[in-house]
Amino acid sequence: VQPVLEKYESALLMLLGFGGFSIILALLHNAVRKYIFHDEHNLDTTFDAGGNVSLSLTAVTVASQLFWPGDILHSATLTTKNGIAGPFWYAVGVMTNIFIFPIFSVEFKTRAPGAKTYLQIINARYGKTAHIIFCGFALITNLVITIGLLLAGRATIQSLTKDASDEFALFVMAVLFGSYSLIGGIGTTFYVSYFNACLVFILLIVFVVKILHNDDTGFQSIGDVGKMYDAISCVKGPEENEKYSYLTFRSGVAFLYGVIEVFVSSAVTYCDQASWQSRIAAKPIQGVWGFILAGFMWFSIPSTMATTTGMAYLALSAENGSHVLNAGQIDEGLVTPLIAETILGSSGGILILTMGAMALMSTGSGEVMAISSIVVYDIYQTYVRPFRKGLKRRHCVLCGKNKKRTVIATYENDVGREVLCQCRTVSRCHHCADDMRRRHQPSIFGVAPTYQCPTHGRYREYQDYLIEFKNWCIVWVTLAIIPLGLIIFASGIDLNWIFYVGAIITIPCFPPVMLSILWVKATGKGLVFGGITGLILGISATLIAATMYEGGLGDFLKNTVQDYSILAGTCTSFGASLLGCIIVSFLTHDIKSKQDCDNEWQKIYDIDNPLNPWELYYKEELKGLHYDRKPTFEQMSATFRKAKLTAYIGGACSITLMAVIIPGIMASFTVLDGTQFSVWVGFTQAWAVIMAIVVIVAPPTEEISRIVKQYRKNKERQTEANGGRPEDLLLNEINLNDKHYDPKQPVAKI
């Protein structure tokens with residue numbers, strides 16, 4: 001692979017081009033939140049983008065964050081090693097987790113609708129010890145993924161940029177990760193992910209046309225499906241493949257990696273706060289359909305990459321008489337850049353660098369925001385500087401008294417009314433309305449007036465401080481990328497090693513996270529025991545399996561990522577963690593009645609920001625229901641029953657299609673003949689084109705429609721307000737969001 005850009009050209013392209021473009025998107029997102037949704041000065045909006053992201057934008061973001069360079073490059077690498085079966089079984093393993101996640105997502109959103117991190121659920125249910133341990137697991141997961149991004153990004157940048165040093169690559173990536181995250185929060189990530197996905201699909205279609213529908217490639221084995229088939233069919237494939245062919249789906253090693261990928265991708269999906277952060281930013285039904293659609297979008301990438309760049313490399317190698325790249329270069333993911341340069345010239349290298357930079361921005365910024373959210377919500381706000389020290393789980397953060405139970409109303413008499421929280425909700429608070437009016441009026445001295453509300457004023461000041469701390473947190477996390485990268489590069493580990501060994505370390509976190517959301521009898525002792533046991537036994541199994549290979553642990557980096565080392569580690573980590581959690585929880589739980597169950601779920605149902613109550617997000621879905629302050633757990637479950645059924649049925653049907661029916665059909669053929677290969681290639685191309693149309697058209701259409709709808713609502717409210725003043729519009733926004741607001745009763749001098 002020949003570098004096609006000078007260092008300054010690469011810097012201009014990525015920093016001014018992509019960095020500048022992403023900052024413009026961040027400013028655009030801020031303007032939308034400020035002038036349309038009126039929630040720009042809100043800590044939660046930074047980390048959940050307002051909690052009402054559209055279906056298609058959710059799907060594109062989920063898919064885009066899985067496009068990161070490791071996946072884009074890895075698909076062609078697997079094809080080179082295992083033939084057409086490699087990326088196929090890899091995709092089946094990843095998609096299994098994508099289609100399962102809607103179940104966890106909808107349960108998360110209905111049982112803990114106010115939570116912003118999955119660690120808040122663990123803290124609410126199990127307390128300090130379990131919370132600290134799983135904060136460690138979560139940060140390690142983010143660290144592993146960030147290291148993988150840095151390694152993949154360095155390989156891409158240095159292969160296409162002349163004399164690019166490690167420091168140059170790290171500086172570029174740090175700027176791309178942190179610049180627009182600081183300005184626009186996670187909401188900008190959704191917008192950037194859209195353009196990233198568009199670019200990936202456009203480039204994919206260019207590859208399809210240039211490699212499979214082009215008679216002027218200059219190579220005898222590329223340009224036509226028939227030519228490619230003829231060239232590859234003459235090449236001897238891996239011993240584990242049926243009849244030593246690259247053109248078969250019956251590959252033992254590929255299937256083995258598919259099984260491994262189920263466990264590996266579970267660590268990336270369920271233990272990564274960035275995954276939860278992007279997924280729960282949508283409402284339950286939009287999140288469910290968004291995930292299912294994202295799975296189908298994502299599948300088109302590895303399947304089409306396999307039949308274009310991966311197969312083109314094998315055909316070129318057959319024409320050349322030997323591999324064009326050595327084994328080390330293939331493992332670095334240089335197959336796709338090589339084919340891009342070979343077919344498209346220098347412009348191909350620029351396109352690959354562009355695609356890699358956009359994918360880095362999308363996933364990298366998500367990791368920066370994930371680490372920042374853990375630091376803000378679960379470390380700083382919980383332990384370093386809490387608003388009210390010594391606050392118990394069921395106490396109101398504003399007054400310190402017991403919150404009124406909302407999981408089920410029949411148990412309200414268990415607590416005397418005199419000790420229940422009587423704080424007025426922010427949507428019915430006259431003083432907050434006056435504060436918001438004053439804050440939005442021009443100030444003579446350039447200093448915002450202090451909050452006067454006796455109930456919420458001090459907490460508003462606290463939230464303002466957290467917003468300022470959040471900004472510094474994003475800056476420091478971004479800067480920490482540079483020394484982290486230098487240490488990792490000096491250590492000599494590669495992308496393959498950190499991807500699989502890192503997963504073995506983080507997989508034990510998956511069963512505890514799953515059980516904390518789904519199982520009422522899960523206990524803190526069970527989750528801690530299962531997580532630590534899975535970690536110890538998983539590492540031990542990996543090391544034991546590695547000793548069985550030639551060189552043993554003396555060749556540590558090589559033998560710890562051999563096939564059966566990874567399989568032993570991942571299966572043991574997951575199995576030991578799951579069994580440990582279940583057995584110890586059964587022995588230590590105190591759930592004996594329906595009331596005990598309701599009290600347990602109440603702990604996470606109470607997670608909320610009093611300045612930004614979660615029930616306001618669901619005002620349209622809860623329309624017509626009668627409740628005090630918050631809807632009951634039964635009302636939420638009934639309202640989103642359709643979303644739950646969609647998650648279970650849609651997920652099951654999608655898994656059946658993608659993990660049973662299609663693999664069964666393709667594995668029924670021993671070795672593909674010319675016609676069967678052409679049909680499969682045509683199928684993947686059609687899939688990619690359809691998904692490209694959906695990706696390019698659906699998100700902007702839905703997002704513009706949502707903004708226009710909100711703008712019209714604002715105009716209607718402004719018309720109803722006295723004089724149509726902006727401060728009255730804000731005041732009406734506060735009161736009209738409340739289900740119990742009586743327009744006949746004057747509020748705050750309107």
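Of the 750 residues of this protein, 59% count as buried, where buried means under 20% relative accessible area, exposed means over 50%, and partly exposed lies in between (1.4 Å probe, protein chains only). The model is a predicted one, in which local features need pLDDT of at least 70 and side-chain atom pairs count only at pLDDT 80 or more, while totals for chains, interfaces and linings use all residues. Residues are numbered from 1 along each chain as its sequence is written, and side-chain values use heavy atoms, with hydrogens and water left out.

**Overall form**

The protein has 27 helices and zero strands; these elements are DSSP runs numbered from the N terminus, with helices (H or I) of at least four residues and strands (E) of at least two. The radius of gyration is 27 Å, which agrees with the value near 27 Å that a compact globule of 750 residues would have; the radius is taken over C-alpha atoms, and the globule rule is 2.2 Å times the number of residues to the power 0.38. Along its principal axes the C-alpha trace spans about 85 × 60 × 45 Å. Among the contacts in the protein with a separation of 6 or more, 79% are accounted for by residues 24 or more positions apart, contact meaning heavy atoms within 4.5 Å.

**Aromatic pairs**

Rings of Phe, Tyr and Trp (its six-membered ring) pair if their centres lie within 6.5 Å, and planes under 30 degrees apart count as stacked, over 60 as edge-to-face and the rest as tilted. By this rule the count comes to 39 aromatic pairs. In one of them, the ring centres of Phe 88 and Trp 89 are 5.3 Å apart and the planes stand at 80°, so the pair is edge-to-face. In another, Tyr 229 and Phe 677 have ring centres 5.7 Å apart and planes at 40°, so this pair is tilted. The latter pair links distant parts of the chain, since Tyr 229 belongs to helix H9 (residues 225–232) and Phe 677 to helix H26 (residues 674–720), 448 residues apart. Ring pairs also link Phe 88, Trp 89, Phe 99, Phe 249, Phe 255, Phe 296, Phe 299, Trp 680, Phe 683 and Trp 687 into a cluster.

| Residue | Relative accessible area | Class |
|---|---|---|
| Phe 88 | 4% | buried |
| Trp 89 | 10% | buried |
| Tyr 229 | 16% | buried |
| Phe 677 | 0% | buried |

Thr 304 is placed in helix H12 (residues 284–320) and counts as buried at 0% relative accessibility. Leaving aside neighbours within four places in sequence, Thr 304 is in contact with Leu 204, Val 208, Thr 684 and Ala 688.

Asp 163 has a positive phi of about 55° although it is not a glycine; this residue lies in the loop between helix H7 (128–160) and helix H8 (166–212), and at 69% relative accessibility Asp 163 counts as exposed. Lys 243, likewise not a glycine, has a positive phi of about 55°; Lys 243 is found in the loop between H9 and helix H10 (252–270), and its relative accessibility of 61% makes it count as exposed.
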